[in-house]
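Hi there,

Here is the structure I promised to pass on to you. Have a look at it first, and then read on for my notes on the backbone and the aromatic side chains.

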Amino acid sequence: MKIALDPTPFHHSHSLLEFPALAAELGYQYLQLTPHRDMIPFFTHPKADDELVRQFRKACADAGVEVASVLPVLRWSGPDEQLREAAVRYWKRAIQIAVDLGANQMNTEFSGRPEKPEESEACFYKSMEELVPIFEREGVHVAIDPHPDDFVEEGLAALRVIRGINSPNVGMVYVASHTFHMKDEPLEIMRAAGDRLRVVHVSDTMNHHASHGLRYITNPPGNAVRVHQHLKIGDGDVNWEEFFGGLGEIGFLDRDDTVMVSSVFAENENAHEVSRYQLRTMQERVSNAAKSSAGPRP
């Protein structure tokens, strides 16, 4: 398993080419490349040419850091057909960038609309028909996150949609901060996902269902909003013993094709300290989970 830094908290304090050295300074050997205006922005065409990709790969080599995963967020589930077609074109370039960076893992969101679930699902599978052969040809695995405010938000429902693609090159992301939006129990999702679970994002969140649904109040009542946070481990309500224990149970922690990402976005002013804390805490919990899953010796 690779433990990676999501550099999003540093987007406004560091340039793209500084990310690898920053990750190394913070103790990480791996990066997750998330949407960035100079590489693969949200929803629009990738902005990196081959020279910038080469420079970024050199910066990684110089720092002794590898790109563990590349995360584009593009509207491949429409339901606007013109934007869906454009997203497929953008995805093709994003795949090439990932391959050129030496990354065979990508992860993303379903990127549809919850108020148009049937139309979004139809668009999603239409995009898959064109892109899955490319994933398989390039040896790239794509893991998908059921993100709040998407056409599929629940954990087991997401697995059903992913299973319907019928490709070993497509799996699931489990984002700990989305735990209380996924309806199903974390262990149930992890066990059902099994080897399809390839990427996890580690950050805490508060349970918005607590206090009879009144922990967070929006006005007017009934707003179609989804509330969650990306806090450091221990600042929210995620059951971390269950989370890491579940990953140990399904073998996620022992595989060489899985990625665990620190994805805290709530404390940019303390991003250096928080990133070090996240790495130290993840390593400790992984070690403890590995010992627990090993069980007593005979």
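This is a predicted model: local features need pLDDT of at least 70, side-chain atom pairs count only at pLDDT 80 or more; totals for chains, interfaces and linings use all residues.

Let me start with F43, which lies in the loop between β2 (30–33) and α2 (50–63). F43 counts as partly exposed because its relative accessibility is 34%, a value between the 20% and 50% limits. The backbone of F43 is worth a look too: its phi is positive, about 70°, although the residue is not a glycine. What sits over the ring of F43? The charged end of R75 does, at 3.7 Å from the ring centre.

S111 also has a positive phi, about 60°, and is not a glycine either. You will find S111 in the loop between β4 (105–109) and α4 (117–138). Is S111 buried or exposed? S111 counts as buried because its relative accessibility is 9%, and the limit for buried is under 20%.

There is one more backbone feature to show you. The peptide bond that runs from G78 to P79 is cis, with omega near 5°. P79 belongs to the loop between β3 (66–70) and α3 (81–100). I picked out these backbone features because most residues other than glycine have a negative phi, and most peptide bonds are trans.

Now to the aromatic rings. The model has 12 aromatic pairs. One of them joins W91 and F135 in an edge-to-face arrangement, with 5.9 Å from centre to centre and 65° between the planes. This pair links distant parts of the chain, since W91 is in helix α3 and F135 is in helix α4, 44 residues apart. W91 counts as buried because its relative accessibility is 0%, and F135 is buried as well, with a relative accessible area of 0%.

Finally, if you move along to Y277, you will find a lysine at its ring: the charged end of K232 sits over the ring of Y277, 6.0 Å from its centre.

Best wishes

Notes. Residues are numbered from 1 along each chain as its sequence is written. Side-chain values use heavy atoms; hydrogens and water are left out. Helices (H or I, at least four residues) and strands (E, at least two) are DSSP runs, numbered from the N terminus. Buried means under 20% relative accessible area, exposed over 50%, partly exposed in between (1.4 Å probe, protein chains only). Rings of Phe, Tyr and Trp (its six-membered ring) pair if their centres lie within 6.5 Å; planes under 30 degrees apart count as stacked, over 60 as edge-to-face and the rest as tilted. A charge sits over a ring if NZ of Lys or CZ of Arg is within 6 Å of the ring centre and within 35 degrees of the ring normal.
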